Protein chains: 2
Amino acid sequence: MESKIALAQLSALAQENRLALFRLLIRAGQDGLPAGEIAAALGVPPNTLSAQLTLLSNAGLIEGTRQGRSIIYKAQFDAISGLIVFLMEDCCQGRSEICAPVLEAAQSRCC
Amino acid sequence: MESKIALAQLSALAQENRLALFRLLIRAGQDGLPAGEIAAALGVPPNTLSAQLTLLSNAGLIEGTRQGRSIIYKAQFDAISGLIVFLMEDCCQGRSEICAPVLEAAQSRCC
DNA sequence: TCCATATTTCCACAATATTGGAATTATGGA
DNA sequence: TCCATAATTCCAATATTGTGGAAATATGGA
């Protein structure tokens, strides 16, 4: 992954509202949520939410598709996977005993 | 993990210099690097670097220990592991086929 | 004690990001 | 065509962050 993309993703997540928004979509899973429901859930005015959705979307972390009058946003799980790999890149120079436990711990505590 | 800590970690990583700095320490592994060498490697004046080290350190992503006149900074691998878990929290409501591949992909591409 | 090296703290200027009001675009139904 | 709903774009005020100069602190050696 390019450094610029990772930076955009980290910047997008590095804000209270957007982090909450992203995690809401992670929890919503593959069904996603319409922008209006997200705004209601987070208590954010629609134009502000729109700016936040755009940032996360430009970073590739979420994707919106129109469905009637609503736009349904979904978390992009691949993007998170790529970001994790980027952060751990060249972490061990072959000595995988250093970095393997990091991802193993994450895996065992997830789901 | 508390949301505040995750936010501090993401904010700390969401900046070009600090992201490069963190990844440098990830690559340096458990030996770490003295602040001076980091400054030289990144081409950043020492006082600016110090502010960046402080931010990453306060977020728990790195840790510095004095050794003679130098302070050796090391990446905290546990912190990254915790951040990954936080981002994926409640990702699948039991339907682990959604989120398991994310971490598996990360694991297979790392090391 | 004095000096050189390593790093940090203090501070203020410049750059960047966040927010929401008002207006705009898009869709579907009557 | 007209209206209501859903979401976005434009813009400017406000808030936050990043940067480096100058001074300060900490360590080790002569």
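**Entry 1: DNA strand D**

I began with B:Gln52, where a polar side-chain atom lies 2.9 Å from a phosphate oxygen of DNA strand D. I note at once that this is a predicted model.

B:Asn47 reaches a base instead: an N or O atom of its side chain is 2.4 Å from a base nitrogen of DNA strand D.

Next I listed the surroundings of DNA strand D and got 22 residues. Among the closest are A:Gly36 and A:Tyr73 from chain A, and B:Arg18, B:Asn47 and B:Thr48 from chain B. By class, the surface near DNA strand D has eight nonpolar, 10 polar and four charged residues.

I checked which elements supply at least two residues each to this surface. In chain A they are α3 (35–42), α4 (46–58) and β3 (70–75); in chain B they are α2 (16–28) and α4 (46–58).

I also asked which part of the DNA faces the protein. Of the atoms of DNA strand D within 4 Å of the protein, 65% are from sugar or phosphate, and the rest are from bases.

**Entry 2: DNA strand C**

I repeated the search for DNA strand C, which is also surrounded by 22 residues. The closest are A:Arg18, A:Asn47, A:Arg69, B:Gly36 and B:Tyr73.

The side chain of A:Thr48 has an N or O atom at 2.9 Å, and A:Gln52 has a polar side-chain atom at 3.0 Å. B:Ala35 uses a backbone N or O atom, at 3.2 Å. The elements giving two or more residues to this surface are α2 (16–28) and α4 of chain A, with α3 (35–42), α4 and β3 (70–75) of chain B.

**Entry 3: the two chains**

I laid chain B on chain A: the turn is 180°, the shift along the axis is 0.0 Å and the RMSD is 0.0 Å. This is therefore the relation of a two-fold axis. The same surface serves both copies, since 100% of the contact residues of chain B recur in chain A. B:Leu10 is the residue of chain B that comes closest to the rotation axis, with its C-alpha at 2.9 Å.

**Entry 4: the core**

Last, I looked up the largest nonpolar core, which has 84 residues. A:Leu61 and B:Leu61 have the most contacts inside it. Leaving out residues up to four places away in sequence, I found that B:Leu61 touches residues including B:Leu13, B:Phe22, B:Leu56 and B:Ile80.

Methods
Residues are numbered from 1 along each chain as its sequence is written. Chains are lettered from A and ligands numbered from 1 in the order in which they are written. This is a predicted model: local features need pLDDT of at least 70, side-chain atom pairs count only at pLDDT 80 or more; totals for chains, interfaces and linings use all residues. Side-chain values use heavy atoms; hydrogens and water are left out. A residue is near a molecule or strand if one of its heavy atoms lies within 4 Å of it. A polar contact is a pair of N or O atoms within 3.5 Å; within protein, one must be able to donate a hydrogen and the other to accept it, and residues adjacent in sequence count only if both atoms are side-chain atoms. Helices (H or I, at least four residues) and strands (E, at least two) are DSSP runs, numbered from the N terminus. Ala, Val, Leu, Ile, Met, Phe, Trp, Tyr, Cys and Pro count as nonpolar, Asp, Glu, Lys and Arg as charged, and the others, Gly among them, as polar. Copies are superposed by least squares on the C-alpha atoms of residues with pLDDT of at least 70 in both. Contact means heavy atoms within 4.5 Å. A nonpolar core is a set of buried Ala, Val, Leu, Ile, Met, Phe, Trp, Tyr and Cys residues joined through side-chain atoms within 4.5 Å. Buried means under 20% relative accessible area, exposed over 50%, partly exposed in between (1.4 Å probe, protein chains only).
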